[in-house]
Amino acid sequence: MSILKFIKSEIKVTYRVSVDLILTFEDTKISKEQYSFVKDQLNKYDWYINDEYAMTTETMYKESSGALLIALNIIIPNHIKPKDENILSQMIRDHTNKFLKFYERHMQLHYLETEKKLKNLNYSH
């Protein structure tokens, strides 16, 4: 089963009106089929974050090693960006934990769906 790990966070001031909070994750044991599933599921992730933020995702998959890198770019308007470092650190932890739970839940869903398909194939033979 795949395991997603948090790699790093980065804050970039890209525009005068917002900052980018970039969270990078890695899964080193993922198949091409799982990658396709994850890529589709990432489109649903923006439903889970605060509606005041915009979000984009980037993925890079190395089929030879089964490694997947995911970068979440959360665009935070300056007027709601926490000024206090402790609150900003908590925001990073919250978004990291929320994404890890999302990923784990969807990978479990994929696993269960795959198991069900295999059982149905075995019963039909």
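Guide: Let's start with Glu63 and Lys32, whose side chains meet in a salt bridge at 3.8 Å, N to O. The term stands for a side-chain nitrogen of Lys or Arg within 4 Å of a carboxyl oxygen of Asp or Glu. Glu63 sits in the loop between β3 (54-62) and β4 (67-77), while Lys32 belongs to helix α1 (residues 32-45), so the pair ties together parts that are 31 residues apart in sequence. Helices (H or I, at least four residues) and strands (E, at least two) are DSSP runs, numbered from the N terminus.

A word on where this comes from: the model is predicted, local features need pLDDT of at least 70, side-chain atom pairs count only at pLDDT 80 or more, and totals for chains, interfaces and linings use all residues. Residues are numbered from 1 along each chain as its sequence is written, and side-chain values use heavy atoms, leaving out hydrogens and water.

Back to our pair: Glu63 is partly exposed, with a relative accessible area of 49%, and Lys32 is partly exposed at 48%. On this scale, buried means under 20% relative accessible area, exposed over 50%, and partly exposed in between (1.4 Å probe, protein chains only).

By the salt-bridge rule, the count comes to two. Lys12 also forms one, with Glu10, and there the closest N and O atoms are 3.9 Å apart. Lys12 is partly exposed, with a relative accessible area of 37%, and Glu10 is partly exposed too, with 30%.
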